[in-house]
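Here are a few notes to go with the model you asked about. Have it open as you read.

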Amino acid sequence: MYTINRKIISSLIAAIVILSACTHDQAKSKKEVSKLNAPASPAINTTYGEVNTWLDDFKNFRTAVYQEDLVKMKSYFDFSAPADTTQIWTAIYDNMNENKRPETYPSTFTEADLEKYHRNIFTDDFTKSLLKVKSEVLYRKGEYTTPGIKQNDRTYHMLAQYDKATTTLQLFVSYSGGVDENGEEVSEGEYAIIYFFKIENGKYLKFDKILFAG
């Protein structure tokens, strides 16, 4: 009887070991599949690289916006910027509650203003679409259009465009119109916010102005 029990116990232990190994392999397999199916994170370097071309400074600018690095952000502005030519206050007020808007625009835009209102300028929409720009394609072809990002009943995307004739980088955050009764997007209500950056000495980005279209 003792011998039979030992055989049964040995068989049970072996079965448990095999079952445990299978369970581990299944869990590992599910984890690997989950990783494969998970949405890709933006391939954004969180350190600043040496600037040899405007592409390098574009990558640094993107990192600064992504990290909300105000010290680095300030390097992309000339203070005090004249408000009447940059339209920067229009962009700020458009992203501000009406009851908080001053009655008149300030005549300039200062470092203190950037510290206070940087999220009204570089909004979540701007940042999310900026992260989707494939910088190498932008540099090689002179432009890149990101995939659309769905937001409620609208879609928005960024068109990044380098204008060689004027040595400017233009970042268009473009919004679709609404949708009709069939759920199809319509052109009515389309608009874009365009950020212009001068490229100084062939490689450094400097904020120039914001324009609105649509």
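Among contacts between residues at least 6 apart in sequence, what share joins residues at least 24 apart?

1. In the protein chain that share is 49%, a contact being heavy atoms within 4.5 Å. Keep in mind that this is a predicted model, where local features need pLDDT of at least 70, side-chain atom pairs count only at pLDDT 80 or more, and totals for chains, interfaces and linings use all residues. Residues are numbered from 1 along each chain as its sequence is written, and side-chain values use heavy atoms, with hydrogens and water left out.

2. You'll find 8 helices and 8 strands in the chain; these are DSSP runs numbered from the N terminus, with at least four residues for helices (H or I) and at least two for strands (E).

3. Have a look at strand E5 (residues 154–163), which runs antiparallel to E3 (residues 143–145) with 3 bridges; strands pair if DSSP finds at least two bridges between them. Here Tyr144 has Ala160 as its bridge partner.

4. E4 (residues 149–151) also pairs with E5, antiparallel, over 3 bridges. Ile149 sits opposite Tyr156, and the hairpin has 2 residues between its strands, with Asn152 in the turn at a positive phi of about 55 degrees.

5. On to E6 (residues 168–175), which pairs with E5 over 8 bridges, again antiparallel. Tyr156 stands opposite Tyr175 there. This hairpin has 4 residues between the strands, and Thr167 takes a positive phi near 45 degrees.
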